[in-house]
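This report walks through one protein model, from its strands to its side-chain contacts. Please keep the sequence and the structure in view while reading.

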Amino acid sequence: MAWRSQLSKNLKELRILFCQTSPASSHTREFVEKNYKVLKTENPKLPILIREAHGVEPQLWARYDFGVEKGIRLEGMTEPQIFKALEDLAKAGAALKD
């Protein structure tokens, strides 16, 4: 997954929102627990913001150049599907630079 190390070139900020207790956020919580360290190690200058709030549906938001933002709802997604959503957001950032 070479695209993971390119996140900081295509994104200005990554935000992951989820509820600490809801079943709908369980896969997102697992994704963060398993992958945050690797993502941060590969992209040390990229702000990766984890936002936990009661009752929030799981979401992934990317901020690009010029304040452009895109978000994806993660409810019901598995870890591989969340990675695919993140990859899609990274590719969208690359396309904005072209």
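In strand 2, arginine 51 is the bridge partner of leucine 17. The model is predicted. Strand 1 and strand 2 (residues 48–52) run parallel and are joined by five bridges. Between them the chain passes through helix 2 (residues 26–42), and this β-α-β crossover from strand 1 to strand 2 is right-handed.

Strand 1 also pairs with strand 3 (residues 59–63), here in the antiparallel sense and over five bridges. Leucine 14 has alanine 62 of strand 3 as its bridge partner.

**Aromatic rings**

A search of the whole structure gives two aromatic pairs. In one of them, the ring centres of tryptophan 3 and phenylalanine 83 are 6.2 Å apart and the planes stand at 75°, so the pair is edge-to-face. Tryptophan 3 lies in the segment before helix 1 (7–10) and phenylalanine 83 in helix 3, so this pair links distant parts of the chain, 80 residues apart. Tryptophan 3 and phenylalanine 83 are both buried.

The rings of phenylalanine 31 and phenylalanine 83 have their centres 5.0 Å apart, with planes at 75°, so this pair is edge-to-face. Because phenylalanine 31 lies in helix 2 and phenylalanine 83 in helix 3, the pair ties together parts that are 52 residues apart in sequence. Phenylalanine 31 is buried, as is phenylalanine 83. Through these ring pairs, Trp3, Phe31 and Phe83 form a cluster.

**Salt bridges**

Side chains of opposite charge can pair when their charged atoms come close. The structure holds nine salt bridges.

| Residue | Partner | N to O distance |
|---|---|---|
| Aspartate 65 | Lysine 12 | 3.3 Å |
| Aspartate 88 | Lysine 84 | 2.8 Å |
| Lysine 91 | Glutamate 87 | 3.3 Å |

Aspartate 65 forms a salt bridge with lysine 12. Aspartate 65 is in the loop between strand 3 and strand 4, and lysine 12 is in the loop between helix 1 and strand 1, so the pair ties together parts that are 53 residues apart in sequence. Aspartate 65 counts as partly exposed, at 27% relative accessibility, and so does lysine 12, at 41%.

Aspartate 88 and lysine 84 both lie in helix 3, four residues apart, about one turn of the helix. Aspartate 88 is partly exposed at 34% relative accessibility, and lysine 84 is partly exposed at 42%. Lysine 91 and glutamate 87 also lie in helix 3, four residues apart. Is each of these two buried or partly exposed? Lysine 91 counts as partly exposed at 48% relative accessibility, whereas glutamate 87 is buried at 17%.

**Surface**

Glycine 76 sits in the loop between strand 4 (69–73) and helix 3. With 62% relative accessibility, glycine 76 counts as exposed. Its C-alpha is 18 Å from that of glutamate 87, eleven residues away in sequence.

Phe66, Val68 and Leu96 form a nonpolar patch on the surface, with about 360 Å² of accessible area together. Leucine 96 belongs to helix 3 (residues 79–97) and is partly exposed at 46% relative accessibility.

Definitions and conventions: Residues are numbered from 1 along each chain as its sequence is written. This is a predicted model: local features need pLDDT of at least 70, side-chain atom pairs count only at pLDDT 80 or more; totals for chains, interfaces and linings use all residues. Side-chain values use heavy atoms; hydrogens and water are left out. Patches are made of residues with over 30% relative accessible area and no salt bridge: like charges are joined within 9 Å, nonpolar side chains (Val, Leu, Ile, Met, Phe, Trp, Tyr) within 5 Å. Accessible areas come from the Shrake-Rupley method with a 1.4 Å probe; for residues, only the protein chains shown count as cover. A salt bridge is a side-chain nitrogen of Lys or Arg within 4 Å of a carboxyl oxygen of Asp or Glu. Helices (H or I, at least four residues) and strands (E, at least two) are DSSP runs, numbered from the N terminus. Buried means under 20% relative accessible area, exposed over 50%, partly exposed in between (1.4 Å probe, protein chains only). Two strands pair if DSSP finds at least two bridges between them. A crossover is right-handed if, with the strands pointing away from the viewer, the path from the first strand over the helix to the second runs clockwise. Rings of Phe, Tyr and Trp (its six-membered ring) pair if their centres lie within 6.5 Å; planes under 30 degrees apart count as stacked, over 60 as edge-to-face and the rest as tilted.
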